[in-house]
Amino acid sequence: MGMSDFYGTADEARSIATIHHALDLGITFLDTADMYGPFTNERLVGRAIRDRRDSVVLATKFGNERTEAGAYLGVNGRPEYVRAACDASLKRLGVDVIDVYYQHRVDDKTPIEDTVGAMAGLVAAGKVRYLGLSEAAPDTIRRAHAVHPIAALQTEYSLWSRDPDNGLLDTTRSLGIAFVAYSPLGRGFLTGRFRTIDDLAPDDWRRANPRFQGENFQKNLDLVSRVEALATAKGCTPAQLALAWLLARGGDIVPIPGSTRPERVEENAAAAVITLTPADVAALDGIGGAVAGERYPEGAMRTINR
């Protein structure tokens, strides 16, 4: 996402170099969405994997409908839109099949059975291999899974976003659904990169995020200082520690850090070899309750956990 939208100025050449470096390191799961850009990120990913398609597990999403100019039209899960969105994504990506196709947000005006029924039709047509949901509530997941197997749920999960521990992970595990953790580094905050709001570009979406605003920013900096101290003791970076904590939650947890630079990919990949002791995990577990602010502005909060 950050390669094309929301987080300030994009650099296409660096972005493609970052994707190539990730693939060279053995990172083969790439995640995009039609709304990123909008539409430009799928084209970017498509260009980056053009000669490497067979080595990539490619995921994209539909449902957060935007215009070419970027205006947000709302959440759309109508069957006819599902089919049209998939065809458009295939064309932008330059591929014949999408490995994992997610509903980006649940449309509360369209029964989930209708949306997933249309998605299942894409599998039958050979356009999609596996189905996923994002930010769906447990009951919605169960209803969707009854229509067609759901392979993955993508939801925010990190040291400072612990909502999935309140029954969501239990649901996915009971159904054999993988859990894809987005924003595993707290949109960069958990890395220690940000010390004031002015560390963000003027057009960076995070300026509107409650956790980056006012008193919340300082309270969350105090949280990050605890992560930094634990990382120093462990001999790793805060980002690596945050990712290692997620990896230690179970083999069904798949973190997807949104790296935009080759050196960050390399740093994050090294988290896979960090072993946490029970004492390490216990120390990190206590951090989640200290976070200040909701994870999205009020309007966006109404589109999650449906």
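Which residue in β2 is the bridge partner of Asp31? I looked this up first, and I found Ala59.

**Ground rules.** I am working on a predicted model, so I noted that local features need pLDDT of at least 70, that side-chain atom pairs count only at pLDDT 80 or more, and that totals for chains, interfaces and linings use all residues. Residues are numbered from 1 along each chain as its sequence is written, and side-chain values use heavy atoms, with hydrogens and water left out.

**Entry on β2.** I took helices (H or I, at least four residues) and strands (E, at least two) as DSSP runs, numbered from the N terminus. Two strands pair if DSSP finds at least two bridges between them. Strand β1 (residues 29-31) pairs with β2 in the parallel sense, over three bridges. I followed the chain from β1 through helix α2 (residues 40-48) to β2, and this β-α-β crossover is right-handed (with the strands pointing away from the viewer, the path from the first strand over the helix to the second runs clockwise). I also found β2 paired with strand β5 (residues 98-103), in the parallel sense over four bridges. There, the bridge partner of Phe62 is Gln103 in β5.

Buried means under 20% relative accessible area, exposed over 50%, and partly exposed in between (1.4 Å probe, protein chains only).

**Entry on α2.** I checked how α2 packs against helix α3 (residues 79-93): the angle is about 45° and the axes are 7 Å apart. That makes α2 oblique to α3. The axes are lines fitted to C-alpha atoms, for helices over the stretch in contact, and angles run from 0 to 180 degrees between N-to-C directions. Under 35 degrees counts as roughly parallel, over 145 as roughly antiparallel, 65 to 115 as roughly perpendicular and the rest as oblique. Contact means heavy atoms within 4.5 Å; I listed Glu42, Arg43, Val45 and Gly46 in α2, which meet Ser89, Arg92 and Leu93 in α3.

**Entry on β7.** Six of the seven residues of strand β7 (residues 150-156) are buried, so β7 is largely enclosed by the rest of the structure. I found four bridges joining strand β6 (residues 128-134) to β7, and these strands run parallel. Gly132 stands opposite Ala152 in β7. I then found five bridges from β7 to strand β8 (residues 178-182), again parallel. Gln154 has Val180 in β8 as its bridge partner.
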